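Try each task before reading its solution.

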Amino acid sequence: MSLIQFVSVFVVILLQCRGLHANLTVLVTTMEDPPFVILSPRPMNDSSFENGGFDGYLADLLREIKKITKFNMTIHRSYANKFGEEIAAAGEQAGKWDGLIGEIVDKEADIAVGRLIVSVKRSAVVDFTQPFMESGVTFMIAKPKQLDRILPGPFDALRVVTLEIWVLTLFCLFVLVVSLMIIGRYYPYQKETFGLKDSIWFLMSSLMWQGYGKSPSAHGARFVAVFWWFFCAIFLMSYSAGLVHVFSLKLQSMPKLPALVPEDLLRQTALRYSPIRDSKLQNNFLSKSEIPVVQELWRAMRAFGSDSFPATMEEGVKKVRGGKFALFGYSDDLVYQANKDPECNLLVSEQTLDDAGFALAVRKDKPEVTKALSAAIVELKERGFTNMLYQKWFTKSCPRQLIQQHAEDRLEMQFQPINFLNFGGVFIVLVVGISIGLIISGIEIWLLRRRSQKEREERVAYGVEPQD
């Protein structure tokens with residue numbers, strides 16, 4: 001064989017290998033499991049990838065995998081509505097499986113698409129791809145309703161005082177400026193000119209606990225100034241105390257949540273907790289685990305009684321919203337339920353008791369399919385595509401669902417900002433002081449002008465000053 005023929009054969013083989021999976025047709029089975037798989041009632045086929053009949057996290061993932069692997073995929077719904085468990089060994093049924101796993105074992109499908117947990121027993125009868133998501137056993141609680149939330153931000157210093165107090169302070173400042181300016185204009189014995197500029201700077205200097213070179217000479221104006229100084233002292237002390245309280249929160253304690261991690265539930269009495277009654281989590285993990293913390297939690301759950309175990313996820317979420325119950329489940333389930341809450345009042349603990357991986361199941365006699373799918377999943381994870389899908393389907397409506405995120409980013413505290421209810425009396429005192437000061441100034445100016453007029457009349461009478 002010549003070199004040219006050898007190269008030609010090598011190129012042909014290489015092209016065939018590169019296109020090995022290009023026209024491979026695989027049968028995909030799946031089941032309804034929001035938000036991973038959302039199916040339409042109508043019959044499914046390959047066109048369901050494009051017409052909206054097949055939607056959800058795994059639908060988006062499978063579309064991208066299809067682009068990478070070039071597989072021709074035919075998809076159908078599994079009406080068994082089970083992920084797959086081994087049927088109890090008895091006679092001819094020994095070693096048989098039901099659900100999605102059963103369809104793969106019985107070679108009714110090539111790929112099972114669903115939230116399939118990788119386990120030793122399942123791995124003995126099917127192949128699993130690289131996990132597309134990690135999950136774990138944790139719990140969900142409701143946000144405490146009695147605490148006010150203050151979101152840290154660039155305007156925290158202004159939140160110490162309510163808007164109505166800021167507006168009232170500026171209004172009083174305006175009234176005082178006008179009052180002092182008028183008194184200074186008409187008071188006949190003002191030592192120095194005390195106009196608009198002097199009034200503004202005198203009042204602002206007092207507010208900042210600073211001095212100003214000029215001061216009003218009228219007794220009424222000084223009376224007003226005393227009440228303004230009183231207001232400034234009370235306002236600044238109250239504002240400073242509130243500001244220190246807000247800025248020191250991060251240096252103090254975490255929010256007053258009943259529990260941040262599963263172990264905390266053992267040290268509190270405010271919440272009862274359990275998984276869904278007769279769920280796989282209860283039967284396969286909590287009741288059989290050899291982890292000491294899990295064993296303690298399970299003993300406490302049993303002590304609460306069977307009535308504490310909700311029958312369905314909907315019932316469990318309803319009990320959590322009540323504020324006195326914590327629901328145990330897999331983190332993906334709980335985060336999805338928290339994302340569905342219209343008020344975003346549900347929180348999921350980030351710390352898990354046990355971790356599990358979700359993967360696609362493939363027939364044992366299709367190793368090339370498993371390898372191609374795994375490579376595609378790894379590529380999508382490296383591109384950040386799986387993280388994007390998680391945000392789209394799990395955290396779009398309520399982006400801050402983790403207890404730890406809530407503890408760090410959404411500080412909750414019992415804090416009452418300065419408002420009219422607790423500071424209105426100071427304004428009343430200031431208004432009374434301004435009113436009395438203006439009355440005193442009016443009387444003082446009238447008396448002084450009257451005395452000046454009388455003295456002028458006397459001088460005219462004695463011929464000291466010519467009459468007008």
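**Exercise 1. State how many salt bridges the structure holds, and find the one that joins Lys 392 to Asp 60.**

Solution. This is a predicted model. The structure holds 19 salt bridges. In one of them the side chains of Lys 392 and Asp 60 meet, at 2.9 Å from N to O. The pair links distant parts of the chain: Lys 392 lies in helix α15 (residues 385-394), Asp 60 in helix α3, 332 residues apart. Asp 60 has a relative accessible area of 11%, so it is buried. Lys 392 has 39% relative accessibility, so it counts as partly exposed.

**Exercise 2. Decide how far α3 is enclosed by the rest of the structure.**

Solution. Apply the cut-off: buried means under 20% relative accessible area. The buried residues of α3 include Tyr 57, Leu 58, Ala 59, Leu 61, Leu 62, Ile 65 and Thr 69. In total, 10 of the 13 residues are buried, so α3 is largely enclosed by the rest of the structure.

**Exercise 3. Explain the spacing of the salt bridge between Glu 64 and Lys 67, and classify both residues.**

Solution. The closest N and O atoms of Glu 64 and Lys 67 are 3.3 Å apart. Both residues sit in helix α3, three residues apart, so about one helical turn separates them. An α-helix has 3.6 residues a turn, so residues three or four places apart point the same way. Glu 64 is buried, at 16% relative accessibility. Lys 67 is exposed, at 54%.

**Exercise 4. Locate the partners of the salt bridge between Asp 365 and Lys 107.**

Solution. Their closest N and O atoms are 3.7 Å apart. Asp 365 lies in the loop between β12 (355-362) and α14 (367-382). Lys 107 lies in the loop between α4 (99-105) and β5 (111-117), 258 residues apart from Asp 365. Asp 365 is partly exposed at 38% relative accessibility. Lys 107 is exposed at 53%.

**Exercise 5. Which residues are linked to Arg 115 in a network of salt bridges?**

Solution. The network links Arg 115 with Asp 33, Asp 332 and Asp 333.

Methods. Residues are numbered from 1 along each chain as its sequence is written. This is a predicted model: local features need pLDDT of at least 70, side-chain atom pairs count only at pLDDT 80 or more; totals for chains, interfaces and linings use all residues. Side-chain values use heavy atoms; hydrogens and water are left out. Buried means under 20% relative accessible area, exposed over 50%, partly exposed in between (1.4 Å probe, protein chains only). Helices (H or I, at least four residues) and strands (E, at least two) are DSSP runs, numbered from the N terminus. A salt bridge is a side-chain nitrogen of Lys or Arg within 4 Å of a carboxyl oxygen of Asp or Glu.
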